Amino acid sequence: MDGSAGQAPLNWCPSGDASRPESVVLGVRSGDGGEVVYLAEPVPAADVLGAVPEGIAPNRVLRFASHCVSECANRVGDACGLIERMRVVPPEDGADERSLPRCHLRPQCKWWNQVGVEGCRRCPAVVTLNPHDDELRVLVAGPDTTLEQVEEWMAAAE
């Protein structure tokens with residue numbers, strides 16, 4: 001999962017696009033909340049996409065990682081705007097105390113390299129297929145959403 005010899009290592013997005021050729025399965029969604037259970041080793045997405053039953057979006061049951069690319073809608077300069085928006089939302093109860101999940105992606109992870117431990121603690125709860133009735137998740141996931149809009153929504157909800 002490194003860059004080519006002589007080049008800077010690639011950053012990987014832990015909320016990546018399954019259709020990219022380098023995409024790997026980062027984990028499997030589990031339980032009522034759909035939190036990610038991380039795989040011990042990466043599995044190429046192309047090897048498992050055919051096993052997802054027809055009519056089920058692959059990102060409903062799997063979490064993918066792919067290269068962090070400059071044309072990403074969540075990119076803000078060199079930073080990931082998604083993890084920055086997520087940092088504005090208070091963490092789930094106990095998220096600050098939970099141990100970091102085992103993750104093969106961490107050394108090359110964009111979120112880890114950008115915000116460190118906080119990104120890892122938020123990562124299991126990230127969903128790439130948001131329910132449309134969860135207004136806050138939809139707002140945070142929107143690439144055009146500003147930090148100020150998330151803060152205003154949260155202030156109004158109090």
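1. Tryptophan 111 is found in helix 4, which spans residues 110-115 (helices are DSSP runs of H or I with at least four residues, strands are runs of E with at least two, both numbered from the N terminus). The model is predicted: local features need pLDDT of at least 70 and side-chain atom pairs count only at pLDDT 80 or more, while totals for chains, interfaces and linings use all residues. Residues are numbered from 1 along each chain as its sequence is written, and side-chain values use heavy atoms, with hydrogens and water left out.

2. Tryptophan 111 is buried, its relative accessible area being 1% (buried means under 20%, exposed over 50%, partly exposed in between, with a 1.4 Å probe and protein chains only). Not counting residues up to four places away in sequence, its contacts (heavy atoms within 4.5 Å) include Ser15, Arg63, Cys80 and Val126. Serine 15 is 96 residues away along the chain, with 9.7 Å between the two C-alpha atoms.

3. Lysine 110 also belongs to helix 4. Lysine 110 is buried without a salt bridge, and the nearest side chain of opposite charge, aspartate 78, lies 6.2 Å away (a salt bridge requires a side-chain nitrogen of Lys or Arg within 4 Å of a carboxyl oxygen of Asp or Glu; Lys and Arg count as positive, Asp and Glu as negative, and His and the chain ends are not counted).

4. Four strands form an open sheet in the order 1-4-2-3, with antiparallel pairing (a pair needs at least two DSSP bridges). Strand 1 (12-13) and strand 3 (35-44) are at the edges with a single partner strand each, so one side of each has no neighbour in the sheet. Strand 2 (residues 24-30) and strand 4 (residues 62-67) are joined by four bridges.
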